[in-house]
Amino acid sequence: MDYLVTIGLEIHAQIQTRSKMFCGCSADYAAAPPNTHVCPVCMGLPGSLPVPNRRAIELAALTGLALNCRIASDNVISRKNYFYADLPSGYQRSQYDDPLCVNGWVDIDGDQGPKRIGLTRVHIEEDTGKLTHTADGGSLVDFNRAGVPLMEIVSEPDITSPEEARRYFQKLRQILVWIGVNSGDMESGALRCDANVSVRPAGQQAYGAKVEIKNINSFRFVERALAYEIERQVTSLRAGERIVQSTRGWDEATGTTVAQRTKEFAEDYRYFPEPDIPPLRLTEAWVAERRAELPELPDARRQRFMTDYDLTPYDATVLTDERAVSDYYEQAVAAARPRGVAPKDVANWLTGELFRLLKDSGETLVVAAQRIRPEYLAEVQELLNNGVITRTSAKEAFDAAFREGRAPAQIVAERGMAVIGAGDALTDMVRQAIADNPKVVEEYRGGKVTAIKYLIGQVMKATRGQASPQAVQQALEQELTRQ
Ligand SMILES: [Zn+2]
């Protein structure tokens, strides 16, 4: 019998703000010694009063807009009650009935081509503290992370394979980092994912029992954990067993999911509106301001790169993977245009030579860009186009520019890398050849274009064969049309 797989992801993404969600404590929880970025509010002390972080709400709304959501005008912060050692107040401030963003979508490459994954909601909440379990069986708690702004991004159950789940997660990360709301750092837990998966026999309408795999912090683990869990559920169903709604954890060491607890239902949390925070009313003007803040998104930019710069889908994808790379490329193109250098050639320098150098040095482009400025890509190609240097010298000059942070033209000049005769010296020799051979020039101008070959020979002889024939021909043609 065939089984249908239904997957939905809940992604938790920290919102990059300076202070926490409901107090003025620094949100930079990892940099400080444990329990130093804390106050009565994020310690959940009685009588303390929360104040919502304006910027966190703005960034969450920006996220909603980037994910094609509608922004709700009326927002309620609720208390989600549960008891756990990393939650000092005994409840988490979150949203339940009235989330900030609803009904969005994300486009991904699905198993059968382009696919739109629906988004149920994006809501704001606060992160919990962090527990560290010691070897002697004790546990330590650090409340620096308690109250850090967090978004929960909930997908519709539109995902039908572990690969699609990974691609969806990757796409979300790309967008969140692109718009600057999240660091994308999964190792530190700034971005993590819970995956819901159910399996049912083909032909059955009702979904199977939902199993949630908690706190997955890498793309690879999402794929592996889901593949394992699907296999486990199918094997159970085949054996005539019943799947119990439950929460499991992914154990990377054994490559299995492990039962954690029977899944709570919403009513177990006894949600109720946070009495200390009035409902947040967001006006249309406020939403319009957020929309104005939204940059061009990766999919749109990828499309534009193909249309405007004649890039292949592959190059356009590579160049829009990260916003910093994308911006750098556009700066290089801006420098290329007035030099008559094709955007496609600039893309080749970036995805070829520059990516190779970055891989070797282990640097990010942002760091290396302080040396290898975007206009250098245009400059080196211009030198090549004009026949000033050969392709081998161009690579050499580019590598030197990458290491030393100096302009390729300067490097070429200093090291005598230019093909001999290029520039003023070549022009002088070309003029001499024209002056010495008036009859040939006359023939050429009379329409016998092959006559230029004789002149090229004369100039090549003058440079003792150290000029590139293309550069000589170009210089000759330029000179002959000028006079
Ligand atoms: Zn605090």
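Helix 3 (residues 219-238) comprises 20 residues and spans 29 Å from its first C-alpha to its last, which is close to the 28 Å expected at 1.5 Å a residue. The model is a predicted one, and the chain that carries this helix contains 16 helices and 16 strands. With a radius of gyration of 31 Å, well over the 23 Å that the globule rule gives for 483 residues, the chain is more spread out than a compact globule.

**Overall form and domains**

- Taken along the principal axes, the C-alpha atoms of the chain fill a box of roughly 100 × 55 × 55 Å.
- The chain is divided into domain 1 (3-291), domain 2 (296-414) and domain 3 (424-482), and the centres of domain 2 and domain 3, taken over C-alpha atoms, are separated by 33 Å.
- Of the 483 residues in the chain, 36% are buried.
- Among the contacts in the chain with a separation of 6 or more, 68% are between residues 24 or more positions apart.

**Nonpolar cores**

- The largest nonpolar core has 64 residues, and those with the most contacts inside it are Leu 9, Ala 60, Val 122, Ala 165, Tyr 168 and Ala 195.
- Helix 1 (residues 54-66) gives the most to this core, contributing eight residues.
- Once its neighbours within four places in sequence are left aside, Ala 195 is in contact with Ile 7, Leu 9, Ala 165, Ile 213, Ile 216, Val 222, Ala 225 and Leu 226.
- A second, separate core of 46 residues includes Leu 311, Ala 394, Val 419 and Val 459.

**Helix 3 and its end**

- The buried residues of helix 3 include Val 222, Glu 223, Ala 225, Leu 226, Glu 229 and Gln 233, and Val 222, Ala 225 and Leu 226 are also among the contacts of Ala 195.
- As a general point on such spacing, an α-helix has 3.6 residues a turn, so residues three or four places apart point the same way.
- Just after helix 3, Gly 240 takes a positive phi of about 80°.

**Tyr 314 in helix 6**

- Tyr 314 lies in helix 6 (residues 313-319), and this residue is exposed, with 9 other C-beta atoms within 10 Å.
- The C-alpha atoms of Tyr 314 and Arg 302 are separated by 9.7 Å, and these two residues are 12 residues apart along the chain.

Technical notes:
Residues numbered from 1 in each chain as written. Predicted model: local features only at pLDDT ≥ 70, side-chain atom pairs only at ≥ 80, totals over all residues. Helix = DSSP H or I, 4+ residues; strand = E, 2+ residues; numbered from the N terminus. Rg over C-alpha atoms; globule rule 2.2 N^0.38 Å. Buried ≥ 20, exposed ≤ 12 C-beta atoms within 10 Å, placed from the backbone. Contact = placed C-beta atoms within 7 Å. Core = buried A, V, L, I, M, F, W, Y, C linked by C-beta atoms within 7 Å. Domains from an automatic or database assignment. Expected span 1.5 Å × (residues − 1).
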